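Colleague: I would like to learn how to read a protein model with care, one feature at a time. Could you take me through one?

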Amino acid sequence: MEVGQVRQRRLADGIVEQLQSMILEGTLKAGERLPAERVLAEQFGVSRPSLREAIQRLVAKGLLSSRQGGGTYVTPSLGTTFSDPLLVLLEESPDAQRDLLEFRHTLEGACAFYAARRATEPDRERLRSAFERLQHCYGHVDPVTQVEKGGEEGAADADFHLAIAEASHNGVLLHTIRGLFDLLKRNVVTNIGGMYAQRIETRETLIGQHRELYEAIMAREAEQAREIAQRHIHYVQDVLSEVHAEAQRMARARRRG
């Protein structure tokens, strides 16, 4: 009887798999610097030559990049869905803004659903921290414009939704949201002032929706969390449609004048 030779698994194979899993699950983020070689070898419980071999293989795959004298980094462009010039183009297009909200409707509903089902205690703590930061921004507003004085509300809003994506434990959803993060943040910052000016109740409505969403996820009410997330996006769509229609009416009035 002939049998194939059993090939001993190389230690570097296991290191490669673990680092790839950490990148895929979002533990290691695009552009993040890896710990020093000595520290990382100790954390993995492996020799430095085995670690170097694994890193070289991941560099060859394009997942890591080494800088002479500057350490090893997760490739910065990983998960970058849109280039900076395209971001600017999308920001300036009303149709693209509408498309982004339609995309968010499906994406964030799914993130909320799975976050409610799968969030671990560390996920819940990160979500709690993101929600508290958002609440802090809501509490520090200009009494006239109703816009957060430090300009941080849009970033806090986007961070809250990113924390939900992380808690979903779905790698595709997470990396899609991360790839869209800059566009999402700019979209919120660009639109928030116009929304508050359009409807007096908008700020209180958004505060309530974010609280409902947070509480549904923390209570592990998956279907309710998805419904709230999608209702939140519907509301934003409705208000922005009114803002856009009002801007068109104003433009026509100025032309007649």
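This is a predicted model: local features need pLDDT of at least 70, side-chain atom pairs count only at pLDDT 80 or more; totals for chains, interfaces and linings use all residues.

The conversation below moves from confidence to overall layout, and then to single residues.

Colleague: Which elements have the lowest and the highest mean pLDDT?

Modeller: Elements are helices (H or I, at least four residues) and strands (E, at least two), taken as DSSP runs and numbered from the N terminus. Among them, helix α4 (residues 84-91) has the lowest mean, 58, whereas helix α6 (residues 121-138) has the highest, 94. Over residues 1-8 pLDDT stays under 50, and there the model has one contact (heavy atoms within 4.5 Å) beyond four places in sequence.

Colleague: How many helices and strands are there in the protein chain?

Modeller: The protein chain has 11 helices and two strands, and from the N terminus on their order is α-α-α-β-β-α-α-α-α-α-α-α-α. If we take the contacts between residues at least 6 apart in sequence, 71% of them join residues at least 24 apart.

Colleague: How do I read burial, and what share of the residues is buried?

Modeller: Buried means under 20% relative accessible area, exposed means over 50%, and partly exposed lies in between, with a 1.4 Å probe and protein chains only. Of the 257 residues in the protein chain, 40% are buried. Cysteine 111 is counted as buried because its relative accessibility is 1%, and cysteine 137 is likewise buried at 1%. A disulfide is a pair of cysteine sulfur atoms within 2.5 Å, and by this rule the count is zero.

Colleague: How should I describe two aromatic rings, and how many aromatic pairs are there?

Modeller: A pair of aromatic rings is described by the distance of the centres and the angle of the planes. Rings of Phe, Tyr and Trp (its six-membered ring) pair if their centres lie within 6.5 Å; planes under 30 degrees apart count as stacked, over 60 as edge-to-face, and the rest as tilted. The count by this rule is three aromatic pairs. One of them joins phenylalanine 113 and tyrosine 114, which are edge-to-face, with 5.1 Å centre to centre and 85 degrees between the planes. Phenylalanine 113 is buried at 7% relative accessibility, whereas tyrosine 114, at 26%, is partly exposed.

Colleague: Is the pair of phenylalanine 131 and tyrosine 214 stacked or edge-to-face?

Modeller: That pair is stacked, because the ring centres of phenylalanine 131 and tyrosine 214 are 4.2 Å apart and their planes are at 0 degrees. The pair links distant parts of the chain, since phenylalanine 131 is in helix α6 and tyrosine 214 is in helix α10 (residues 202-218), 83 residues apart. Both residues are buried, and together with Phe160 they form one aromatic cluster.

Colleague: Which charged residue sits over the ring of phenylalanine 113?

Modeller: A charge sits over a ring if NZ of Lys or CZ of Arg is within 6 Å of the ring centre and within 35 degrees of the ring normal. Here the charged end of arginine 226 sits over the ring of phenylalanine 113, 4.1 Å from its centre.

Colleague: Where is arginine 178, and which side chain does its own side chain meet in a polar contact?

Modeller: A polar contact is a pair of N or O atoms within 3.5 Å; within protein, one must be able to donate a hydrogen and the other to accept it, and residues adjacent in sequence count only if both atoms are side-chain atoms. Arginine 178 belongs to helix α8 (residues 171-179), and its side chain makes such a contact with the side chain of glutamate 166, at 3.0 Å. Asparagine 170 caps the N-terminal end of α8, with a side-chain oxygen 3.1 Å from the backbone nitrogen of valine 172.

Conventions
Residues are numbered from 1 along each chain as its sequence is written. Side-chain values use heavy atoms; hydrogens and water are left out. pLDDT is the predictor's confidence in each residue, from 0 to 100.
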